[in-house]
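Welcome, and thanks for taking a look. Please open the structure below and keep it in view while we walk through a few of its features together.

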Amino acid sequence: MEAFFFWIFSIGMIVCGLAVILNRNAVASALCFAFTIVFMSALFVMLSAFFLAAVQILVTAGAVMVLFLFIIMLLDLTAMEHAPRQKLWMGCALVVALGFVFTVARTLYTLPGGTASLTNTVTPSSVPSFGAATPVTPDDTHQIGKLLFSTYVAPFEITSLLILVATIGVIVLCKEEPRSAPGKEASREPKKETALTR
Amino acid sequence: MEITLNHYLAVAATLFAIGMMGVIMRRNLLIIYMSLEMMLQAANLTLVAFSRFNPRGHLDGQVFVFFVITVAAAEVAVGLALIVALYRVRQTTQVQDLNTLKF
Amino acid sequence: MDIAWLLLLLPLLASIAILVHLHRKPDMAIFASVGSAALCFLIALAVAWGSVPAPASLVWMDFPESAGFPGLRIEAGMLFDSLSKGMLLIVTGVGLLVHIFSIGYMSHDPSKGRFFGGLSIFMFSMTGIVLATNLIMLFFFWEGVGLSSYLLIGFWYQKESAAAAANKAFVCNRLADFGFMIGILTFWVMMGTVSIEPDQLAQCYVHGTQIQSQVQSTLHGVTALIHQSGLITPTPILLTVMVLGLFCGCVGKSAMFPFHVWLPDAMEGPTPVSALIHAATMVAAGVYMLCRTYPLLILSPQGMGVIAFIGCFTAIFAALIAVQQNDIKRILAYSTLSQLGYMVMAVGCSGPDAAMFHLTTHAFFKALLFLAAGSVIHALHEEQDIWRMGGLWKKIPLTFVTFAIGMLALIGCPPFAGFFSKDYVLAVAYEHHPAFYWVGVFTAFLTAFYMTRLMVVAFWGPARTPTAEHPHESPSVMTIPLILLSILSIIGGFIGIETYYHTWAVNQLQATGQLPIDGHFVAIPEANWMIESGIPLLTVLAGVASAWFLYNGRATDPLRITVLARKFYFDEFYDRNLVVGTQMWASVLNWIDGWILEGLVIRGLAYFSVGMGELLKLFQTGSLQAYAFLFSLGGALLIYLTLFAH
C-alpha cells in the first residue's frame, strides 16, 4: 500500500513541477506550483511529519503562492505569453539538470539497498542502520514544540526578529514617492532616477 | 517493494533538478523565482526524509524544515517587493532586459 | 681628527665645492683649488719630516678567516713609509706648481672653474693611490684618477677629437683594470689578504717562497731536470697569473704596449693636464704600484721577465715613433712613453730603486718640458706644429732656457738629473741581461735625436710663419713654476734621491729578512764607469750631433718614414679589429634588448595580461540566464568531482 501511495504522490509532484516550468501562462504556473506543494505535503504525511505537512500547506501553498498570484496579476504579463521558446537555453538547462540527477543517482546506486554502507562508513557499528523506518508515534507536534523551545529557542527568537525585519523591508521597498500635483508625466522621469538610486 | 530512504532522496533530487531547469530556462522573473522556491522545497523534502529514517528518531530535521519554511516565506515577500520595485523602474519582468551589469 | 686625513679631505672638499657652486665663480674656484694644493704640499712636507703620524685606519669590512675563506679586511688608511713619502712629495709638489701655472694658462678660458675642480679631484685620487694601505683602496683611487683623467682630457668637450680621446683613455684604462682586478683577486686568494703594507708583504713573500718550494719538491721527470739545471725556475701558475694581473694595471695606467694608444691622444687636453697627469704623476702611478708590490713580483721570475720585456719594448717603440712626429706635445707624449718604458724595465730587472729614482727625476723634467711647451703654445696663440715655429730663442728667452734645461735633463746630459737616473737604470739593466742594456742605449740615442730635432726646429732658424714672428713671453705666474722645476732638474741628481730610494729598497729586503743580499731581491750593479756612464754619454753626443746636422736650417722634414709617422698603424689596427667588432656586438645586443627583452618579454607580458583580461571580460554578459547556467554547471561539476574523482 505504502509504495502505491508513494508513487502516486511522487509522480504527481514531478508532473506538476514540470508543468510549472513549461507553462506559458504565469497564473497556470503558479497554480501548478500550489499543487506541487500539496503533493509534497502528502509525502510529508507518509514520512510521519504531520505537523510539517499542515504547516507546508498553510504557509507555502496558502500564503506564499497567493502572494505570487497577487503579484502576477498586479504586473501585466500578457505580452510574454507569446514569446518564442529559446531552444538553446532549454538544451543547456536539460544538460545541467541531467548532470545533477546523474550525480545523485550514481551516489545512491553505489549505496546498497537502504544506504547501509553509507552509515557504516560514517557511524560506529553499534548504531542501528538506516534500513527500516522506525516505529511512528503521532505526537510529533508535541516533540517539535519541545525541541523548539529548549534546544532551538535561539534560532526561534531570531527567526521572529527576521520576520519583523522582512515585514518592515517590504513596506519600505513598496512605498511610492508622494506625487507632486502638476505634470504627472514629467514627474515620472525624476521618479525613475530616485527609484534606481534607492 | 519497500520504499527506502533512497527513493525519497531520488524524488527530491528530481524536483531540485526541475527547479534548476526552471531557473536557467525561463525568462520571466516571476517564474524563475517560483522555480527557486521549488528548489528550496526539494531540500525540505530531503531533510524530512533523513529525519524520518534517523535511527535515533530525532526530529531535528523537522525543526530545520520548520525554520526553512518560515525563512522562505519571508524571503519570498521581500523578493516579490523587489520585483515590483524593479517593474516600476524598468516596466519589464523579462530577464534579458535587465542586462546593464555587463562589460 | 688626524691632520693626515686633510691630505685627502682638502682636495675632495675643494672639488665638491666647485662642483656644487663655485664653477660659476672662477676666482673662488681657483682660490679653493690652489689653496688646497698648497696646504697639501705643506702637510706632505710635515709628513716627510716625520712630524705627522699615520692615522688610524677606518675599517670598512673585516671578515675573519674561516674554513674555505681566507679572510678579508678592507680599510681606508694611510701608509707612511719612505716610498710613499717620496712619492707624496712629488705628487703634491709638482701638483702645486702645475696649479700655479694653470692660473696663468687658463686665464682666458670661460670654464676654468671646472678645470680646477677636475684638478682637485685628481689630486684627491692620486694622493689616495700613493697612501693606500690595501689593494682595494688603491683600486678605488685608481679608478678615481681614471675618472679625473677622462674629465680633464675631455675638458674642451665641444671638440669632437677631445671627447673621443677622453673615451679612448677611459676604455683603455678600464680594459687594463680588468686584468688588474684579476691580479688583485689572485693575490687575495693566494695570500689571504689584500693589504700591501710592508710587513704584510714580507709575510706574503715568505708564503710565496713556501708555495714555490712545495711545487718544486713535487717535480719529477723532465721538469725536475730543468729545475736542477738552473735554466728556468718553475713557478706555480697562479703566482705568475697574480704578477701578470698586477702588471696589467700598470700596463693600462702607464700606457705600456699594447695599451699605449691612449696617451698620445690624451694631449687633446690642456697642457697643464698633460704636464701633471700624463707626464709626472698619473702615468707614474703604475710604476709606483709595481714598486709597492715588489716583494710579490719577484715571486715569479717569468712575470719579471715579461715586465722587463714589455718595458724595454715600449721604450724603443715609442722612441722610434717620436722621431717622426710634428706636434710638440705628441713628441713629448711619446718621450713620456719611452721613459715609462725605462722605469718599467728597471722594475723588471730587479731594480725598483732605479725605477723610483728615474720616476722622480722624470717628474721634474717632464713636467718642466710640458709646462714650457705650454708656455710656447700660449706665446704663439695655440700653435702646436713645430714646423710652423722657429727663431723663438731670441724672442721668448726664459721659456727657451727652461725648455733647454728640461731637454738636456731628459736626454741624459751631465750634470742634469736625468743623466744620473738614466744611467742607474741602464746599469741595472746590464746587470740583468746585456740585451736590455743595448736596447736601452739605442733608445737613449733616439731620445737625444728627436729632442734635438725638436729644439732645433722649434727654437732655432728663421721664423717659418708670421705668428712665430711675434710671440709674447708668458706672465710670471707661469714662468715661476718653470724656474722652480728647472732648478729641481739641475740639482736632482745631487740631493740624495738615489741613496734615499736605495736605502728603502734594501730595507724592504731586510724586512723580509730571509734572503742574502746577493742581488736576487734587489739588483745592486757592479760599479763599471764605462758601462754605466761612458757608453750612454757617447750615444747622447752622437744623437745630438746627428740631429743637429740633419735639421739645422731646414724648412721641412728631410726624413719621411711613414710607418713611424703613422705610429706603426696601431690606431688603425685597433679600430678595424677591435672597435668595429665591439660596435657590431653592441648593436646586436641593442637589437636584442629592444626587440626581444623589451618587446617580447616585457611588453609581451603586459599585452598578455591585458589580453587575458579582455578575454575574461566576455564572461560578463549581463544575462542572468547565462550566469545561472554557469553557476549550476560549476556546482554540479564540483559535486561530481568531489564525490567521484579519485
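Which pattern does chain A follow when read along the sequence? In this predicted model, chain A follows the pattern α-α-α-α-α-α-α-α, with eight helices and zero strands. Two further values describe chain A:

| Property of chain A | Value |
|---|---|
| Buried residues, out of 198 residues | 24% |
| Contacts with a separation of 6 or more that join residues 24 or more positions apart | 43% |

Now to a helix pair in chain B. Helix α1 (residues 5-25) and helix α2 (residues 29-52) of chain B have axes that come within 8 Å and cross at roughly 165°. An angle over 145° counts as roughly antiparallel, so α1(B) is roughly antiparallel to α2(B). The crossing in which α1(B) passes α2(B) is left-handed. From α1(B), the residues making the contact include B:Leu5, B:Leu9, B:Phe16 and B:Val23; from α2(B), B:Ile32, B:Met39, B:Ala42 and B:Leu45 are among them.

Helix α9 of chain C covers residues 237-253, and at 1.5 Å a residue its 17 residues should span 24 Å; the end C-alpha atoms are 25 Å apart, which agrees. Is α9(C) enclosed or open? Of its 17 residues, 13 are buried, so α9(C) is largely enclosed by the rest of the structure. After α9(C) comes C:Ala255, with a positive phi near 55°.

Technical notes: Residues are numbered from 1 along each chain as its sequence is written. Chains are lettered from A and ligands numbered from 1 in the order in which they are written. This is a predicted model: local features need pLDDT of at least 70, side-chain atom pairs count only at pLDDT 80 or more; totals for chains, interfaces and linings use all residues. Axes are lines fitted to C-alpha atoms, for helices over the stretch in contact, and angles run from 0 to 180 degrees between N-to-C directions. Helices (H or I, at least four residues) and strands (E, at least two) are DSSP runs, numbered from the N terminus. Angles under 35 degrees count as roughly parallel, over 145 as roughly antiparallel, 65 to 115 as roughly perpendicular and the rest as oblique. A crossing is left-handed if the near helix is turned anticlockwise from the far one by less than a right angle, and right-handed if clockwise. Two residues are in contact if their C-beta atoms, placed from the backbone, lie within 7 Å. The expected span of a helix is 1.5 Å times one less than its number of residues. A residue is buried if 20 or more other C-beta atoms lie within 10 Å of its own, exposed if 12 or fewer, and partly exposed in between; C-beta atoms are placed from the backbone.
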